[in-house]
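Please keep the sequence and the model in view while reading.

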Amino acid sequence: MSNGSFPPEPGRRGGTLAIVLAALIPACFAGWLLWSSLGGSKDDGADGAGAPTTSSTSSPSPPSSGAPAVPSPPTPSGKQSGKPSGKPLDGKVVVIDPGHNPNNRDHSSRIARLVDIGTDEKECDTTGTATNSGYAEASFTLDVARRARTLLEARGATVRFTQDGDRPYGPCVDERAEIGNKAHADAVVSVHADGAAAGERGFHVILPKSVRGGGADTSAITAPSRRLGERLRSRFAKATGSEPAQYIGDGSGLDVRGDLGGLNLSTVPKVFIECGNMRDSQDAAELTDSAWRERAADGVAQGITDFLNE
């Protein structure tokens, strides 16, 4: 007790205490109600109503290491982190022309009829060549063409065939050119295998000669077709390990011709590729090997891709 103070009167002390209690009790009760409505202390059990929930399709969270979680950087909408958007051949149209037709042999009179190739007339089509063991060029060209189609479509290209083994014969060479023209193709490649003399090896690409006559006028396509052929030559050699043929085209792997209706009548960039010589035993061993044909298809697809991405 400090000096100079006096004790309160008994009646006054009791009244003051009653007033204080009357004010405190309602305040404490209101605070308790507020605390309860918020779910209690954050230290309540993990199974309490305030714990976060997980979807039934979500993966369980790994145990905590004690270190704070580091959020992953956001990925822009519509894109995968670390991968380029789009495909290199989106919007491009490629026509692949599998040489000949496995059914041509059953329609010899029809494929023998002559058609206009612009500068001359030539047979509608032929049966093509074959290896000594009987593996037909028409079977080879369809297999390589289908493999190349798969690769090109995976890159975003629209790929069309002149025939997919689904016709009784042909089409004739003039119609093969027309298919590419009507498709407004950005590139056309006709897949073949040669039937040269035994001992002659290698591949070559046939380019259109600048011709004009009848329905033929290749003046607008010779330059882009050469670029397509050069890309194809480079990529095919790299993919297959094959050397350009020495028996044609001065060993350059490129040959220019003006007697093929499929080239003369084309109004879009187009080339032929003779993938090897079916009449040579060493080349035939490659042409009949499915793993080699996959590499050949890769070379064709990559050559086309390089040309279209110029």
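## Trp292 and the aromatic cluster

Trp292 has a relative accessibility of 2%, below the 20% limit, and therefore counts as buried. The model is a predicted one, and Trp292 belongs to a cluster in which ring pairs also join Phe203 and Phe236. Two aromatic pairs are found in total.

A contact of another kind involves Arg149, which lies over the face of Phe161 at 4.1 Å from the ring centre.

## Overall composition

The protein contains eight helices and ten strands. Of its 310 residues, 38% are buried. Among contacts between residues at least 6 apart in sequence, 80% join residues at least 24 apart.

In soluble globular proteins, nonpolar side chains tend to be buried together. In this model the largest nonpolar core has 36 residues, and the members that touch the most others are Ile96, Phe140, Leu152, Val189, Phe236, Cys275 and Ile304. Two or more residues each come from β1 (93–98), α3 (137–154), β4 (158–161), β5 (187–194), β6 (204–208), α5 (222–240), β10 (270–277) and α8 (290–308). The greatest contribution is that of α8, with eight residues.

Beyond its neighbours within four places in sequence, Val189 is in contact with Val95, Ile96, Asp97, Leu228, Leu232, Val271, Ile273, Val300 and Ile304. There is also a second, separate core of six residues, among them Val93, Val95, Ala183 and Val268.

## Helix α5

Helix α5 comprises 19 residues and extends 26 Å from its first C-alpha to its last, close to the expected 27 Å at 1.5 Å a residue. Its buried residues are Pro224, Ser225, Leu228, Gly229, Leu232, Phe236, Ala239 and Thr240. Because these residues cover an arc of only 135° around the axis, they lie on the same side of α5. An α-helix has 3.6 residues a turn, so residues three or four places apart point the same way. The cover over the buried residues of α5 includes β5, β6, β9 (254–257), β10 and α8.

Within helix α5, Ser225 is buried because its relative accessibility is 0%. Apart from neighbours within four places in sequence, Ser225 is in contact with Leu207, Pro208, Pro269, Lys270 and Val271. Just after α5, Gly241 adopts a positive phi of about 80°.

## Helix α3

The buried residues of α3 are Glu137, Ala138, Phe140, Thr141, Leu142, Val144, Ala145, Ala148 and Leu152. Elements covering them include β1, β4, β5, β10, α7 (281–287) and α8. After α3 comes Gly156, with a positive phi near 105°.

## Ala216 in strand β8

Ala216 lies in strand β8 (residues 216–217) and counts as buried because its relative accessibility is 2%. Although Ala216 and Leu265 are 49 residues apart along the chain, their C-alpha atoms are separated by 4.9 Å. When residues up to four places away in sequence are set aside, Ala216 touches Ile117, Gly118, Thr119, Val211, Asn264 and Leu265.

Definitions and conventions
Residues are numbered from 1 along each chain as its sequence is written. This is a predicted model: local features need pLDDT of at least 70, side-chain atom pairs count only at pLDDT 80 or more; totals for chains, interfaces and linings use all residues. Side-chain values use heavy atoms; hydrogens and water are left out. A nonpolar core is a set of buried Ala, Val, Leu, Ile, Met, Phe, Trp, Tyr and Cys residues joined through side-chain atoms within 4.5 Å. Buried means under 20% relative accessible area, exposed over 50%, partly exposed in between (1.4 Å probe, protein chains only). Helices (H or I, at least four residues) and strands (E, at least two) are DSSP runs, numbered from the N terminus. Contact means heavy atoms within 4.5 Å. The expected span of a helix is 1.5 Å times one less than its number of residues. The arc is that of the directions from the helix axis to the C-beta atoms. Rings of Phe, Tyr and Trp (its six-membered ring) pair if their centres lie within 6.5 Å; planes under 30 degrees apart count as stacked, over 60 as edge-to-face and the rest as tilted. A charge sits over a ring if NZ of Lys or CZ of Arg is within 6 Å of the ring centre and within 35 degrees of the ring normal.
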